[in-house]
Amino acid sequence: CKEGFQWRQAIELLVTMGQVVPKPDATTFGTAIAACDKNGEWQSALAFLTAMGRAVVEPDAICYRSVISACKKGADWQRALALLATMGWAGLQPGTVGYGATISACDKGGDWQMVLSL
């Protein structure tokens, strides 16, 4: 634009660039979920996981594990179990972190017997 004296196109390009908002991806959502987990904001972590579906962003195992960990801190063992099951249906591996957080959530929620089903 500069060398071709196409100043109008340069201005239009600049204006258009200012209107473009990058769409969040799995990394962006994962970072937000991890921050919620670290601060005990399990409801916000769950909201971000739900928002990923609306944004057509596929959550990875790390996102699920972070939300399960946040649910553990909120003693929401039922949701932790549901998320663990969802991971399996999605073909994602919970790993020791996912299982450990779920077990801790069940224990913290006072339903240690559910741990036996894992």
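At what angle do helix α2 and helix α3 pack, and how far apart are their axes?

1. In this predicted model, helix α2 (residues 26–38) packs with helix α3 (residues 42–54) at an angle of about 165°, and their axes are 8 Å apart. Since angles over 145 degrees count as roughly antiparallel, α2 is therefore roughly antiparallel to α3. The crossing of α2 past α3 is left-handed.

2. On the α2 side, the contact is made by Ala-26, Phe-29, Ala-32, Ile-33 and Cys-36. Helix α3 contributes Ser-44, Ala-45, Phe-48, Leu-49, Ala-51 and Met-52. Classified by residue type, this contact comprises 10 nonpolar residues and 1 polar residue, with no charged residues.

3. The structure contains 2 salt bridges. One joins Lys-73 to Asp-37, with the closest N and O atoms 2.9 Å apart. Lys-73 belongs to helix α4 (residues 61–73) and Asp-37 to helix α2, so this pair ties together parts that are 36 residues apart in sequence. Lys-73 is partly exposed, at a relative accessible area of 36%, whereas Asp-37 is buried, at 10%.

4. The side chains of Asp-76 and Arg-79 also meet in a salt bridge, with an N to O distance of 3.1 Å. Asp-76 is buried, its relative accessible area being 14%. Arg-79 counts as partly exposed, at 36% relative accessibility.

Methods:
Residues numbered from 1 in each chain as written. Predicted model: local features only at pLDDT ≥ 70, side-chain atom pairs only at ≥ 80, totals over all residues. Heavy atoms only, no water. Axes fitted to C-alpha atoms, helices over the stretch in contact; angles between N-to-C directions. Helix = DSSP H or I, 4+ residues; strand = E, 2+ residues; numbered from the N terminus. Parallel < 35°, antiparallel > 145°, perpendicular 65-115°, else oblique. Left-handed = near helix turned anticlockwise from the far one by under 90°. Contact = heavy atoms within 4.5 Å. Nonpolar A, V, L, I, M, F, W, Y, C, P; charged D, E, K, R; others polar. Salt bridge = Lys/Arg side-chain N within 4 Å of Asp/Glu carboxyl O. Buried < 20%, exposed > 50% of the residue type's maximum accessible area, 1.4 Å probe, protein only.
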